[in-house]
Amino acid sequence: GRVKEGEEWESREEEVNGLMGRIGEVVGGMHDVGVVHGDLTTSNLMLRPGREGNMTSSDGIQRGSDGDSDEEEVDLDGEIVLIDFGLATQSVQDEDKAVDLYVLERAFGSTHPEVEEGFQEVLRAYGESYKGAKVVLKRLEEVRMRGRKKSMIG
């Protein structure tokens, strides 16, 4: 599952959907144990490929353990790792979890617009991996409405 930089994401839709699904599962698992990230952006998602010693950051460039780019390729297989829990809290509030999802959705829209519609796969997998997801996803709709209203008013 590699995509050369600049190659159309659409041509790898199945692999992108798999990646988005794994993101939803990880976020669902985090929420299931009562943790809200507080800064759930694409910058705080890392992709740990199957190969030893390499990490791919959300900018899609694989880096060796020394931090240099190995090749300008994107490896879409691997484990999603959440980082930077500096703003994380323990919470059972559906609102807090919905805001986590909203922040992530907005981050995808601004940093990776080419896969923005793939965010539905994040939400689908989230719904399957977290038993409280139905209420959180309903609350997400309310958070989106407030966000749109706020951006219209300024």
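This is a predicted model: local features need pLDDT of at least 70, side-chain atom pairs count only at pLDDT 80 or more; totals for chains, interfaces and linings use all residues.

Residues are numbered from 1 along each chain as its sequence is written, and side-chain values use heavy atoms, with hydrogens and water left out.

**Exercise 1.** Determine how many helices and strands the protein chain has, and in what order they run.

Solution. Step one: helices (H or I, at least four residues) and strands (E, at least two) are taken as DSSP runs, numbered from the N terminus. Step two: the protein chain has 4 helices and 8 strands. Step three: from the N terminus on, their order is β-α-β-β-β-β-β-β-β-α-α-α. Step four: of the 154 residues in the protein chain, 41% are buried (under 20% relative accessible area; exposed is over 50%, partly exposed in between, with a 1.4 Å probe and protein chains only).

**Exercise 2.** Describe the span of helix α1 and what its buried residues pack against.

Solution. Step one: α1 covers residues 13-32, which is 20 residues, and reaches 28 Å from its first C-alpha to its last. Step two: this is close to the 28 Å expected at 1.5 Å a residue, where the expected span is 1.5 Å times one less than the number of residues. Step three: the buried residues of α1 include Val16, Leu19, Ile23 and Val27. Step four: the buried residues of α1 pack against β2 (35-36), β3 (45-48), β7 (79-82), α2 (94-111) and α3 (119-129). Step five: just after α1, glycine 34 takes a positive phi of about 85°.

**Exercise 3.** Classify the crossing of α2 and α4.

Solution. Step one: the axes of α2 and helix α4 (residues 133-153) come within 8 Å and cross at roughly 60°; axes are lines fitted to C-alpha atoms, for helices over the stretch in contact (heavy atoms within 4.5 Å), and angles run from 0 to 180 degrees between N-to-C directions. Step two: α2 and α4 are therefore oblique to each other, since angles under 35 degrees count as roughly parallel, over 145 as roughly antiparallel, 65 to 115 as roughly perpendicular and the rest as oblique.

**Exercise 4.** Is aspartate 77 buried, partly exposed or exposed?

Solution. Step one: aspartate 77 lies in the loop between β6 (73-75) and β7. Step two: its relative accessible area is 39%, so aspartate 77 is partly exposed.
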